[in-house]
Amino acid sequence: MESALVCSTAPRTTTSSLLKRRETPLDAPFHLSFSRNYVKCWGTISLSFRKTKKYKVFNCNVKVEDEACELVNGVELSIGDGVDSIDAYLCNAVKNNNGTGILLLSDIFGFEDSFTRDFAYRVACNGYNVLVPDMFRGNPWRKDESKALFEQWIGSVDKQQVVRDIFTSTKWMADEFVAAGISKKFGVIGFCFGGGLLIDILAQDQGSEFGVGISFYGTRIDLSVASKIEVPLLLISGDNDPLCPVNVLKEVENNANGCKVVVFEGRGHGFAHRPQSLEDDKDAEEAFLMMRNWLHDGLLSEN
C-alpha cells in the first residue's frame, strides 16, 4: 500500500562554490510515495495524508558541465519502528533522475549539519536519490563542545549500533527503491567518521547491495577488513591531514581490489565538503568531479 508525502518546493539561489551558503526556501507542493511499513514523518506514521505537510525542499542551481542542476526534493524521514527506528534525510532529483540510490555517511557533526546536507543536495543535483541517516541518534559532536571532551564522546558512540543503523538504512533503500525498479546497486559516500566506517560497511556488504564507494578523509580506518572489499573504492584526502594519514590509505589501496587513492597537496581535513579557503574550494570542486565520475562509472555506465 502506497502513501503520498505532500511536500513543499523551495526555489533558491546558489553558486557553484561550496563556500556559498543557501537561502531559506519558499513553498509549492509536490508528492513523494513510500510504502507504509518504513516511513514516518515528524513522528506520525505515513499511512495517508489528507492535509498538506511542509518540508524543506531545495532548487539547486549549481552548474555541472554546462548543465544546471535540476530541482531537488528533500524530506525528513523516520525509518523502522520502535527502538530500531532512526531519523534520516532524503533528497532526490525531480527531473532526469537516474534511478540510483546513494547512502551518505556524515562526519561527526551528524546528518543535520548544513555542510553535509549541502553536499547531499549537490549529489542529488546530478540525478541521484541520496539518503543521509542519523548515525548518532540525535547525539552528534557539538561544535561548541570542549575538545577535551572529544575522546569521551567518541568512546560513547556504539559503533556496532551505528553499523546496524546503516544496514537498516540500506534495507530501507533496497525495499523502497529496488522494489520500485529505481536502483539495482547503491553507492556509498562517507566523510571523516563516516568515511572510515565506510570501509567496514563495504567489507561486510561484500558487493551485496553496494556497487561502489567513495571515502573522503576517513578516520579510524580498520585496515584488517580492507581485503574483504569487493567493489571499486575511491579514497580522497589531503597530504596535510593528520586525522587521515596517507600511508594508511595506501595500505587500504594495496589490500582492497579496485581501490584508488587521490591525495590533494596542501589540503587538510574536511576540505572537500567544508572548504575554508579559495584554494580548498578549487580542490573541492575537482574532488567532487572525481567522485561524480566514480559513481557514474561504477553504477551507471553498465546500465
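Modeller: pLDDT is the predictor's confidence in each residue, from 0 to 100. This is a predicted model, where local features need pLDDT of at least 70, side-chain atom pairs count only at pLDDT 80 or more, and totals for chains, interfaces and linings use all residues. Residues are numbered from 1 along each chain as its sequence is written, and side-chain values use heavy atoms, without hydrogens and water.

Colleague: What does the chain average in pLDDT?

Modeller: The average is 79, and 76% of the residues score at least 70.

Colleague: Which elements have the lowest and highest mean pLDDT?

Modeller: Strand β4 (residues 44-45) is lowest at 23, and strand β14 (residues 233-238) is highest at 98. Helices (H or I, at least four residues) and strands (E, at least two) are DSSP runs, numbered from the N terminus. Where pLDDT is low, predicted coordinates should not be read in detail.

Colleague: Other topic. Which residues of helix α5 are buried?

Modeller: In α5 (residues 246-255) they are Val248, Leu249 and Val252; buried means under 20% relative accessible area, exposed over 50%, partly exposed in between (1.4 Å probe, protein chains only).

Colleague: What do the buried residues of α5 pack against?

Modeller: They pack against β14 and β15 (259-264), with contact meaning heavy atoms within 4.5 Å.

Colleague: And which exposed residues are on the face turned away?

Modeller: Asn247 and Asn254.

Colleague: Where does glutamate 286 lie?

Modeller: In helix α6 (residues 278-300). Glutamate 286 is partly exposed, with a relative accessible area of 39%.

Colleague: How many residues apart in sequence are glutamate 286 and phenylalanine 264?

Modeller: 22, and 9.7 Å in space, C-alpha to C-alpha.
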